[in-house]
Amino acid sequence: MIQVAIDRAENDVLLIRLAGQWELRHGLASTDAVESELNQKRRPSRIAFDTRELGRWDTSILVFLAAVVDACRERGVMLDSAGLPAGLHNLLGLAEAVREPAGARKELRESGFLERIGEHSLGLIAAVEETLSFIGNMTVACVQLVRMRARYRASDLSLLIQRCGVEALPIVTLISFLVGVILAFISAVQLRQFGAQLYVADLVGVAMTREMGALMSAILMAGRTGAAFAAELGTMKVTQELDAFTTAGFSVAEYLVLPRVLALVLMMPLLCLYADFVGVIGGAAIGVGMLDLSWTTYVQETARAVRLGDTAGGLFKSAVYGALIATAGCWRGLRAGSSASDVGRAATSAVVTSMIVVVAACGVFAFLFYELGL
Amino acid sequence: MATAGGATPYISVRDLTMVYGSHVLMRDMTFSVNQGDVFVIMGASGSGKSTLLRHLIGLNEPAHGSIYYRAENFTSADSSQRERILRNVGILFQGGALWSAMTLSENVGLLLEEYTDLTPAQIRQVASLKLALVGLRGFEDYYPSEISGGMQKRAGLARAMALDPDILFFDEPSAGLDPISARRLDELILQLRDSLGITAVVVSHDLASIFAIGTNSIYLDVSSQAITASGPPAELLARTEDSTLRSFLTRGGNP
């Protein structure tokens, strides 16, 4: 075990005897006794060590000695390390060799109320500036796209289309079938009271094509693809890949963001159409299984109720949602910080941001469609 | 194998064959690292130096052969035995591999928190000392992204030393460092060996560093997929007949 003994010799020398096994698993020795000795009125002028009975040692003795050295320096007491084993002497020299650079230590203090407001405002202004420049870059990229002069790799685009289109089908199938079933079930329970079971088909058909198909696929893609875009671009930022693109003369907006937005804008309406279809099938499953309607009746009733305009409106909305989700995801990724957890945070905020803009857009569409009588 | 007389092997590698996918990197490697050695693994880029290091610390599994730590078979050990063996091992990864979400002090302190009974204040004290040893006094509360590459590397070394390991692995310690910092790191490795009796295994192709610190070495030859030379680097330079190795040790100069 750790043994420290202090011996005050007559000629003002404080002798510290170190003995026993100094290992981290036995804990650390306290320097209180040494310091109280140093604080006495008749302060010793020199500290010496006796390590004849010292056994194994590791960092724990070094921590103790470093603390003694600091205490000595503060009080101007001489330290005679000749009594230490050579290795320990060397390590102590190494630990003390580099002086702390002036101003290196971080000040860990609470900032005041006004200071925090100031910091937040400055942060907000910077964020707005960054957002505006991103929107500007994206506008330029879109103009380039329309002029057929945008630079991005076609293979990137097809890979992205595959990843956010085909590979999303299973989850879209599952969720939209479930939404169709739930809509049908809830309305069936209500409508049966009036003997109006047949109208379950109308309700499911119109709800899926007008709103639910687009909204559900948007929410799925926000979680699935928006987050992936943010994580991907965030990691590229951490590993300086984005810098490599910029210095090579590629616009990040054009080369990385544009194909992602394009892929999702192209795929979202298709996914939405598919979701509409699967949702109607889910409704039909309830209609046929629970309400004793025949498949033919259900399909005919759906075809009568759903107008082309409803479906087209839903598809248009889903294209807009796709653009919003992809942009929000990329934007969050590009603004990520430089650590692994910053990438995670970027993915999280990409999903949250996508949801918010999708819901906001949904509200705007509802108002517009109502005013326009669509 | 050239072994210093009477020294005990800390790591023995027997008939190790490494593969990458279906491609064989090196065949039938046999060598041992002695206690107190600064053992250099040399070789051209792509010869499998870093892969060998990953095998030694159990990140990759050998296709054939085994690795012994003292008398214990590391290759056939189960995960708890491996964990116990690796407790005495410190690793400095090429880029430092610091945990980016933690401050330097937390990076060093995490291991202490997990494997010792020290109080948080004591852990911080130990972490500060370790950082002081690598010349980072005062940088305890910095995040890895806020300091330079060379400092990250030194902080990585402080973390590798957190639990006072018997053996330290260095993957390209001088990569990305300026010559003076690289030399300081070399000196630090030697000082740690002399003061604490640490054994060091260094993967390197930095000649200055190899000759300055290496007490023993092996050379991995790409074309023959085998160890073609072993021994102290300076001695190898003096006596080798192999033109590839000679050219490697003289930066392609006088064959």
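Predicted model: local features only at pLDDT ≥ 70, side-chain atom pairs only at ≥ 80, totals over all residues.
Visitor: What does the secondary structure of chain A come to, and why is chain A described as more spread out than a compact globule?

Guide: Chain A holds twelve helices and five strands. Its radius of gyration is 35 Å, well over the 21 Å that the globule rule gives for 374 residues, so chain A is more spread out than a compact globule. Along the principal axes, the C-alpha atoms of chain A occupy a box of roughly 110 × 55 × 45 Å.

Visitor: Into which domains is chain A divided, and how far apart do their C-alpha centres lie?

Guide: The assignment gives domain 1 (2–97) and domain 2 (153–371) in chain A. Between the C-alpha centres of domain 1 and domain 2 of chain A there are 69 Å.

Visitor: What radius of gyration does chain B have, against that of a compact globule?

Guide: A compact globule of 255 residues would have a radius of gyration near 18 Å, and the 18 Å of chain B agrees with this. The box filled by the C-alpha atoms of chain B is roughly 55 × 40 × 40 Å along the principal axes. In secondary structure, chain B has nine helices and ten strands.

Visitor: By which quantities are two packed helices described?

Guide: The description uses the angle between the axes and the distance between the axes. One case in chain A is the pair formed by helix H2 (residues 59–75) and helix H3 (residues 86–97), whose axes come within 10 Å and cross at roughly 55°. H2(A) and H3(A) are therefore oblique to each other, and their crossing is right-handed.

Visitor: Which residues meet where H2(A) and H3(A) pack?

Guide: From H2(A) come A:Ile61, A:Leu62, A:Leu65, A:Ala66 and A:Val69, which meet A:Leu88, A:Leu91, A:Leu92, A:Ala95 and A:Glu96 of H3(A). By class, this contact of H2(A) with H3(A) has nine nonpolar residues, no polar residues and one charged residue.

Visitor: At what angle do helix H7 and helix H11 of chain A pack?

Guide: H7(A) and helix H11 (residues 308–334) of chain A pack at about 20°, and their axes are 7 Å apart. Angles under 35 degrees count as roughly parallel, and H7(A) and H11(A) are therefore roughly parallel to each other. Their crossing is right-handed. The contact of H7(A) with H11(A) divides into 16 nonpolar, 13 polar and six charged residues.

Visitor: How does H7(A) pack with helix H10 of chain A?

Guide: Helix H7 (residues 199–238) and helix H10 (residues 295–305) of chain A have axes 8 Å apart, at an angle of about 50°. That angle makes H7(A) oblique to H10(A). H7(A) passes H10(A) in a right-handed crossing. On H7(A) the contact is made by A:Ala201, A:Asp202, A:Gly205 and A:Val206, and on H10(A) by A:Tyr298, A:Glu301, A:Thr302 and A:Ala305. These residues divide into four nonpolar, two polar and two charged.

Visitor: How many residues does each chain bring to the contact between chain A and chain B?

Guide: Chain A brings 25 residues and chain B brings 24 residues. On the side of chain B that touches chain A, the elements that give two or more residues are helix H4 (120–133) and helix H6 (179–196) of chain B. H4(B) gives the most to that side, with six residues. By class, the side of chain B that touches chain A has ten nonpolar, nine polar and five charged residues.

Conventions. Residues numbered from 1 in each chain as written. Chains lettered and ligands numbered in written order. Contact = placed C-beta atoms within 7 Å. Helix = DSSP H or I, 4+ residues; strand = E, 2+ residues; numbered from the N terminus. Nonpolar A, V, L, I, M, F, W, Y, C, P; charged D, E, K, R; others polar. Axes fitted to C-alpha atoms, helices over the stretch in contact; angles between N-to-C directions. Parallel < 35°, antiparallel > 145°, perpendicular 65-115°, else oblique. Left-handed = near helix turned anticlockwise from the far one by under 90°. Domains from an automatic or database assignment. Rg over C-alpha atoms; globule rule 2.2 N^0.38 Å.
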